[in-house]
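Colleague: I would like to learn how to read a model like this one. Can we go from the whole fold down to single residues?

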Amino acid sequence: MKIPLYQIDAFSNKPFRGNPAAICPLTSWLPDETMQSIAAENNLAETAFFVPEGPLGRFGLRWFTPAVEVDLCGHATLAAAHLILDYLQPGLPQVWFDSKSGELTVKKVNGKLTLDFPSRPPAECTFDPSLLTALGGKPEKVLGARDYLVVYESEDDVRALKPNMQALMEIDRFAVIVTAPGRDADFVSRFFAPAKGVAEDPVTGSAHCTLIPYWAERLGKNKLHALQVSQRGGELWCELHGDRVWMSGHAVRVIEGHFFLD
């Protein structure tokens with residue numbers, strides 16, 4: 001069996017920046033263990049698989065890290081939509097994905113791809129103090145949604161963090177988002193999920209489901225410009241729309257090939 005494989009750098013308009021995602025278009029679902037093995041072989045933050053479902057432009061979509069299947073992934077959704085709208089079915093105005101997080105849509109708006117995702121606002125929470133020891137620095141507060149949201153005073157604080165990844169393996173939530181006000185953007189962030197096979201994710205759409213409602217409330221505005229300040233870096237244009245968040249960005253195809261499954 002020969003499976004198409006594309007690698008696309010999401011949330012960037014240049015190769016070797018943003019977040020690389022592997023995308024495998026399928027005609028029908030493979031066994032879960034096969035998709036997990038492909039994701040492990042790719043060894044990227046996420047590998048996305050999609051299959052046509054129903055009318056033109058609607059697909060089932062699933063995401064796998066090298067270690068686990070996840071319930072939501074922004075950059076691999078953006079990458080999958082880029083592949084469909086720019087190469088596989090370029091006449092479509094938008095795509096609809098059915099996923100573990102419900103229906104997700106992606107459309108072209110002013111030269112960018114815009115994701116429509118669920119909002120996951122953070123709330124006050126209890127946490128083990130070892131979380132802060134593992135991260136380092138002196139955060140202002142810790143909130144929780146799917147992930148911990150740890151807020152620091154400045155962009156420099158976020159950039160300077162050198163987390164103990166082994167210690168972060170023990171946290172009791174999916175991952176850790178760190179954030180602060182930005183110098184050249186409304187806010188900056190980083191994202192750590194070592195227990196899920198992703199030590200530091202370069203650019204994380206799902207994290208912005210929590211970051212956008214937090215910063216919209218804190219800054220008193222619904223349109224936000226975001227930078228994820230990982231080594232590769234990524235840029236997002238964000239909007240809060242009630243219980244939904246919109247995230248816009250670019251993507252670029254960098255690799256095309258096939259998986260051969262005997």
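Modeller: We start with the chain as a whole and then turn to a few loop residues. Keep in mind that this is a predicted model.

Colleague: How many helices and strands does the protein chain have?

Modeller: The protein chain holds six helices and 18 strands.

Colleague: What does the radius of gyration say about the protein chain?

Modeller: Compare the value with what a compact globule would give. For 262 residues that reference is near 18 Å, and the protein chain has 18 Å, so the two agree. The box gives another view: along the principal axes, the C-alpha atoms fill roughly 50 × 40 × 30 Å.

Colleague: What share of the residues is buried?

Modeller: Buried means under 20% relative accessible area. By that cut-off, 55% of the 262 residues are buried. The accessible surface of the protein chain is about 11,400 Å², and carbon and sulfur atoms own 50% of that area.

Colleague: Which share of the contacts joins residues at least 24 apart?

Modeller: Take contacts between residues at least 6 apart in sequence. Of these, 62% join residues at least 24 apart.

Colleague: And how far apart are the mean positions of the positive and negative charges?

Modeller: There are 25 positive and 32 negative charges, and their mean positions lie 5 Å apart.

Colleague: Now the backbone. What should I look for in phi?

Modeller: The general idea is simple: most residues other than glycine have a negative phi. F11 has a positive phi of about 60°, and F16 has one near 75°.

Colleague: Where are F11 and F16?

Modeller: F11 is in the loop between β1 (2–10) and β2 (19–25). F16 is also in the loop between β1 and β2.

Colleague: Is each one buried or exposed, F11 and F16?

Modeller: F11 has a relative accessible area of 3%, so F11 is buried. F16 reaches 67%, so F16 counts as exposed. The cut-off for exposed is over 50%.

Colleague: What does the side chain of D147 reach?

Modeller: Look for polar partners. One is the side chain of R146, in a polar contact at 3.0 Å. Another is the backbone nitrogen of A175, at 3.3 Å from the side chain of D147.

Colleague: Which residues does D147 touch beyond four places in sequence?

Modeller: D147 touches R173, F174, A175, V176, I177 and F191. For a distance in space, take D147 and G74: they are 73 residues apart in sequence, and their C-alpha atoms are 15 Å apart.

Colleague: One last case. Where is G136, and how accessible is G136?

Modeller: G136 is in the loop between α3 (130–135) and β10. At 21% relative accessibility, G136 counts as partly exposed. Beyond its neighbours within four places in sequence, G136 contacts Y152 and L161.

Colleague: How far is G136 from G242?

Modeller: The two are 106 residues apart in sequence and 34 Å apart in space, C-alpha to C-alpha.

Conventions. Residues numbered from 1 in each chain as written. Predicted model: local features only at pLDDT ≥ 70, side-chain atom pairs only at ≥ 80, totals over all residues. Heavy atoms only, no water. Helix = DSSP H or I, 4+ residues; strand = E, 2+ residues; numbered from the N terminus. Rg over C-alpha atoms; globule rule 2.2 N^0.38 Å. Buried < 20%, exposed > 50% of the residue type's maximum accessible area, 1.4 Å probe, protein only. Contact = heavy atoms within 4.5 Å. Areas by Shrake-Rupley, 256 points an atom, 1.4 Å probe, with all protein chains shown as cover. Lys, Arg positive; Asp, Glu negative; His and termini not counted. Charge placed at Lys NZ, Arg CZ, Asp CG, Glu CD. Polar contact = N/O pair within 3.5 Å; in protein donor to acceptor, adjacent residues only side chain to side chain.
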